[in-house]
Amino acid sequence: MKLKNIIPSCLIMLPFVSEAKIDLPDIVGNDMVVQQQADARLWGWATPGSKISIYGSWNPSHIVNTVADSNGKWQVELPTPKASFYTYKINIKGDGSDITLDNVAVGEVWFCSGQSNMEMPLRGFWTQPVEGAMEAIAYSGKYPYIRMAKVPKSKAYSPQDKVESPWKVSNPENAYNFSALGYFFARSLSEILNVPVGIIDCSYGGSKLEGWQSREQISKYPEWDIDKEKADTTLQDYERINIMYNSMLHPLIGYTIKGFLWNQGESNVGKESTYPFHKKDMVEDWRSKWGLGELPFYFVELPGWDYGNPDNNNAAFFRECQHKAAELVPNSGIVCTSDLVYPFEVNDIHARKKKEIGERLAFMAAGKTYGVKGMPADYPTFKTMKVEGDKAILSFNNAWDGFTPNKELEGFEAAGADRVFHPAKAVENPKTLNIEVTCPEAGTIEAVRYNFKNFAVGKVHNIIGLPLVPFRTDNWDK
């Protein structure tokens with residue numbers, strides 16, 4: 001007997017379901033954090049000309065409508081409420097789709113970028129730990145309103161539209177791979193402001209600043225040639241310029257954020273004559289492309305490391321240029337880290353004290369961006385020097401109550417006319433709060449330096465605990 005084709009009745013009864021047409025980037029998804037009290041930008045792709053409607057569950061009667069353009073791209077600005085520890089939904093409908101994004105938080109969103117010291121996860125790198133990681137990971141579930149979207153390393157020589165970047169909720173399983181610096185920043189800021197905090201971690205170990213710049217910018221720099229580097233097969237990916245901007249950053253441009261955090265510089269040591277100006281160009285370009293005004297930009301001082309020679313001053317000159325960049329870039333600031341290394345880390349470029357760096361960035365953001373009064377965010381810096389006999393008298397900014405410890409201060413050097421530096425004795429005058437430096441080996445003092453080395457552990461702080469920024473009073477070449 002010949003068998004007949006039989007269609008099961010259960011399949012006959014199934015309704016026809018069309019394939020959803022709306023395509024969303026990962027950054028617009030479940031568990032996302034949207035910037036509070038803002039017109040949060042959301043976007044995606046659909047059939048050209050199709051109508052898209054979006055609303056948030058915080059105000060379902062306010063529906064935002066748009067139409068996909070000729071390339072299928074659409075974008076809306078969705079008004080968001082004040083931050084709170086509630087979760088919401090966002091509904092996106094149109095072109096045969098009806099999508100609901102769940103567990104959406106409304107709070108503060110920061111974009112973190114740079115190289116490996118920003119990338120370094122809570123679990124640490126190979127043989128390189130993050131101090132306090134065990135406790136941070138174990139208790140991370142107490143902070144479900146901290147979310148992180150991590151962008152994987154990738155490269156491209158042309159701007160991309162999409163990148164993998166799903167949001168993850170803070171818990172031990174996820175936090176294990178969170179940027180340690182980003183997590184500690186978020187945890188501290190959340191506790192200070194009492195709001196959810198979202199972090200977009202877009203970092204690539206070993207990357208140069210120029211790796212995060214657009215082709216238009218780099219074409220202005222005669223010493224950098226994208227096409228020449230593209231043809232060089234000996235270069236590692238992390239060494240290449242422009243590629244991180246195209247593949248990792250460009251797809252996220254426009255996502256509504258509050259500001260930027262930046263931890264990078266090791267791969268630009270030796271370029272201190274141009275770095276401040278390239279940094280200024282980069283910040284201006286990012287701000288322009290985001291179109292959200294003069295967004296705050298806070299960055300981290302270069303960590304101590306031997307850089308091939310612990311007695312060489314290359315890194316010291318570079319830290320100096322980082323502070324110059326902060327002066328060139330409006331609405332920016334730099335966190336000093338000279339005291340956040342252990343003596344045994346001289347050969348380890350990934351210092352383990354990420355918690356303190358994250359906290360200091362949060363203090364700076366809280367004080368300078370959110371206007372929280374009293375925040376410890378202004379570091380003591382060198383102001384003036386005058387020489388009286390065999391003594392150099394130094395005055396400082398942001399040290400109104402003086403320095404600690406209340407004894408001889410370590411890390412100072414002095415030089416005379418021969419420009420040879422010798423260890424110097426430095427003590428604080430309790431009446432004037434100036435620091436007085438003497439150095440018989442130098443003769444008449446011409447210049448004083450503090451912690452101006454590749455690797456040196458900062459021991460001097462103001463009374464509130466912020467470290468004295470490494471400095472020199474001279475303008476000598478070495």
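Mentor: Rings of Phe, Tyr and Trp (for Trp, its six-membered ring) pair if their centres lie within 6.5 Å, and a pair counts as stacked with planes under 30 degrees apart, as edge-to-face over 60 and as tilted for the rest. The model is predicted, so local features need a pLDDT of at least 70 and side-chain atom pairs a pLDDT of 80 or more, while totals for chains, interfaces and linings use all residues. Residues are numbered from 1 along each chain as its sequence is written, and side-chain values use heavy atoms, without hydrogens and water. By the ring rule, the count comes to 32 aromatic pairs.

Trainee: Why is the pair of Trp262 and Trp286 called edge-to-face?

Mentor: The centres of Trp262 and Trp286 are 5.8 Å apart and the planes make 80 degrees, so the distance falls within 6.5 Å and the angle is over 60, which is what edge-to-face requires. Trp262 and Trp286 are both buried, where buried means under 20% relative accessible area, exposed over 50% and partly exposed in between, with a 1.4 Å probe and protein chains only.

Trainee: What makes Phe382 and Phe396 an edge-to-face pair, and which parts does the pair tie together?

Mentor: Their centres lie 6.3 Å apart with 80 degrees between the planes, and the pair ties strand S14 (residues 381-388), which holds Phe382, to strand S15 (residues 391-397), which holds Phe396, across 14 residues of sequence. Phe382 has 23% relative accessibility and therefore counts as partly exposed, whereas Phe396, at 13%, is buried.

Trainee: How do you know that the charged end of Lys279 sits over the ring of Phe299?

Mentor: The rule asks for NZ of Lys or CZ of Arg within 6 Å of the ring centre and within 35 degrees of the ring normal. The charged end of Lys279 lies over the Phe299 ring at 3.6 Å from its centre, and that of Lys153 lies over the ring of Tyr204 at 5.4 Å. Phe299 also belongs to a cluster linked by ring pairs, including Trp262 and Trp286.

Trainee: Why does Asn331 count as partly exposed, and what is its phi?

Mentor: Asn331 has a relative accessible area of 33%, so it is partly exposed. Its phi is positive, about 55 degrees, although Asn331 is not a glycine, and its place is in the loop between helix H10 (314-328) and strand S13 (332-335).

Trainee: How many cavities of 30 Å³ or more are there?

Mentor: There are three; a cavity is a set of points, on a 1 Å grid over the protein atoms alone, where a 1.4 Å probe fits but cannot get out, and lining residues have an atom within 4 Å of a point. The largest cavity holds about 90 Å³ of space, the volume being the space filled by probe spheres set on points joined across faces, edges and corners. Of the 13 residues lining the largest cavity, Glu301, Pro303, Thr337, Ala351 and Ile357 are the closest to its centre. The second largest cavity has about 80 Å³ of space and is lined by 14 residues, with Gly304, Arg319, Ser338, Asn454 and Ala456 nearest its centre.

Note on methods. Helix = DSSP H or I, 4+ residues; strand = E, 2+ residues; numbered from the N terminus. 1 Å grid on protein atoms, 1.4 Å probe; cavity = no way out; pocket = protein on both sides within 12 Å on 5 of 7 lines; lining within 4 Å.
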